[in-house]
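Have the sequence and the structure open as you read.

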Amino acid sequence: MDSLTQISGVGTKTLAKLNKLSIFTPLDLLYHFPYRYIDFSHITDINKLQENEAVTINGQLLSFQNIFTRSHKNLQKAVISDKTGQINLLWFNQPYLSKNFRVGDTYSFAGTVTLFQNKKTIIGAISGQYHTGKIVAIYPETSGLTSNWFRKTIQSYLPQLIKNISDTIPNEILKKYQLFGLSNSLSQIHLPSNSKLLQQGRYRLSIDEILSLQTKSYLTKQSWLTKKPQITLEANSKINQKINKIIKNLPFKLTNSQEKVWQEIKNDITNPTKVTNRLLQGDVGSGKTIVALLACYLSHLNQSLSLLIAPTEILAQQHFNTFKKILKSTKTPLFLLTGTSKINFDKIPKNSIIISTHAIIYQKEKLKHQVALLIVDEQHKFGVKQRSFLGNSISLPHCLTMTATPIPRTISLTLLGNLDISIIDSLPTNRLPIKTFLVPPQKISQCFSWIENEIMTTKCQAFVVCPFIDISETMQSVKSATEEFKKISTIFPKLKLDLLHGKIKSKDKDKIISDFQKNKINILITTPIIEVGVDIPNASIMIIQSADRFGLSQLHQLRGRVGRGQLQSYCYLFTESTNDKAQNRLKFMEKNSNGLKIAEYDLKTRGPGEAFSVVQHGFPSLKLANFSDLELIDLSQKILADLVKNKNFDLNSLIPKQLLKENIVSN
Ligand code: ADP
Ligand code: MG
């Protein structure tokens, strides 16, 4: 079959409806998968029917009536009998049904038994060979194209639809892993023989989904491997000595994890044959900045330019201050470039470190020297595409991305196969675990007076984060933060409060942060602008308003702003939501502080888009497979490894466009 119009009854009108569901070709129709099934395969005697049971019955139609009730409702009522008894069938507003049935004839009906006016009844029963006596598929519908339509159409055209399907996975691999063939799987998913075969068909098609994503990552990595470093870096003994001196003079000792990832990154960026494309993951507060600094310093010692891009101006400023302090004894030229701070590009020496917001993207032509190393901090504020913006088709700068979002293994195996990953898996030892509490509205005032007392006695500081899930600062969020500021000011008349949000002028912002750092401000009311990176060890209390509106990973990031110093830290989650799901999610935050666990929970309860917008924009939505199914993902990985070994195999054939059509992964 090569056109949908070959299906009887499909003309321009139906075609337009199919197009609405992204079905343009017979193959698209074949890949329009059911999202659920009802098992009507049990053919039951009428006297054995149980309430709530999905069944098929066979029997003779004793009567059929079209009834108009006094309340102007239109009902169809039928009585059907077999040798064991009889039962009522009921429909609403389907007068045309009378044309389908003749009293005295025998029919099959499928439906679920309910009690209606105290009598066992089947409401909305369906009849006919496509819908009864089997497991029945339920499809995504659109107005005018019901599940019944899809079921009937796909079943009657199934042989033609799967006729010319060739398997994407070679036979020997299917045998090796005991997987169903493609045609068989497609046939089972629409017209299951039984639940076991259905499950095997779905499993095979789920493998296809994961395999196509993994193949995409793999091919991206292969193409990256053909690129050369724009500038090669080395770590000779003199350079190593200088780096070790910086490490020795730090106010703290690097954790083992930091040591380990620094070695990984150093080896990577000093490899002359391969361009680094690495992701550095480390929970909030794990100390990624110092690792970034060492890499930039290595570039400087190679007389080369490095660039660290931060997601916000506040953070760029903070990184700049940290770098200045730690590299004080060296003569490293440091530059800060933000939307508001202008620099003279002609005066930037080749061996500089530039710390910037993404403002740099629009000024990259002004850079007089090639960039050896690009580090992007907290990537979710920064488009993935821009990652390679400083290179060309042959050579690229070494790229290091840093993120605090923990990456479950299933995600790294499917979507991040193109990246090398380094993980800082422990926190500096001087940290106390943060105590987290869910606070219902009636306990808020009690909570405020406790906080006031705590601030007065320990001289600690607090953040109040206002409820804006949108990362970009809008006028709306600024207005709410301003109102919140007024409200909270009246609650704490004895304390000094200030307000920080993205629309405040850069100079004033710096002043507020520096005042907060110097403990001239007790409570800082803010938007999630502080979500990433802001490092104020004396702040040990955080209140998050309307916490239910945040993703858990985002809450975890926010919470990571406290718990950075010697004091016991507290995080209070305020919510007005009494919704069970929201309550459970927040209770999970109360009990868990492990970022990976939180991310995995987010992945299960909200899906990957919420949890991992950080790692990848345009997260693919899978039709069948589940991003937390490690077993499936591992198997698919094995299959890919086998196929890669076969030099004659075209890996591109593993990326069927029917699977990825709605799921475009931007890279
Ligand atoms: P993140 O990984 O969230 O970016 P930072 O790099 O901002 O974390 O580090 C958080 C805080 O921990 C900073 O104040 C930093 O100086 C401090 N820090 C980093 N490494 C260590 C260490 N090994 N021991 C103690 N404190 C450290
Ligand atoms: Mg950071």
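Contact here means heavy atoms within 4.5 Å. With that in hand, two remarks on where the values come from. This is a predicted model, in which local features need pLDDT of at least 70 and side-chain atom pairs count only at pLDDT 80 or more, while totals for chains, interfaces and linings use all residues. Residues are numbered from 1 along each chain as its sequence is written, chains are lettered from A and ligands numbered from 1 in the order in which they are written, and side-chain values use heavy atoms, with hydrogens and water left out.

**The whole protein**

The C-alpha trace spans about 100 × 70 × 40 Å along its principal axes. The protein holds 20 helices and 23 strands; these are DSSP runs numbered from the N terminus, with helices being H or I of at least four residues and strands being E of at least two. Of the 667 residues, 54% are buried. Buried means under 20% relative accessible area, exposed means over 50%, and partly exposed lies in between (1.4 Å probe, protein chains only). Among contacts with a separation of 6 or more, 73% join residues 24 or more positions apart.

An automatic or database domain assignment supplies the domain bounds: domain 1 covers 42-133, domain 2 covers 228-413 and domain 3 covers 435-592. The C-alpha centres of domain 2 and domain 3 are 30 Å apart.

**The cores**

A nonpolar core is a set of buried Ala, Val, Leu, Ile, Met, Phe, Trp, Tyr and Cys residues joined through side-chain atoms within 4.5 Å. In the largest one, with 39 residues, Ile243, Trp262, Phe323 and Ile375 touch the most other members. Elements giving two or more residues to this core include helix 7 (237-248), helix 10 (313-326) and strand 14 (371-377). Helix 9 provides the largest share, ten residues. Beyond its neighbours within four places in sequence, Phe323 is in contact with Thr289, Ala292, Leu293, Cys296, Leu308, Leu334, Ile353 and Ile355. A second, separate core has 29 residues, among them Ile169, Leu179, Leu415 and Ile639.

**Four residues to look at**

The table gives the relative accessibility of four residues.

| Residue | Relative accessibility | Class |
|---|---|---|
| Asparagine 88 | 16% | buried |
| Isoleucine 434 | 24% | partly exposed |
| Glutamine 303 | 44% | partly exposed |
| Histidine 72 | 75% | exposed |

Asparagine 88 sits in strand 4 (residues 85-92). Setting aside neighbours within four places in sequence, asparagine 88 is in contact with Lys77, Ala78, Val79, Lys119, Lys120, Thr121 and Ile122.

Isoleucine 434 belongs to the loop between strand 17 (420-424) and strand 18 (435-439). With neighbours within four places in sequence left aside, the contacts of isoleucine 434 are Arg559, Val562, Gly563, Gln568, Ser569, Tyr570 and Cys571. From isoleucine 434 to leucine 61 the C-alpha to C-alpha distance is 69 Å, and they are 373 residues apart in sequence.

Now for some backbone angles. Histidine 72, in the loop between strand 2 (54-68) and strand 3 (74-82), has a positive phi of about 60° although it is not a glycine. Glutamine 303 likewise has a positive phi of about 60° without being a glycine, and its place is in the loop between helix 9 and strand 11 (305-309).
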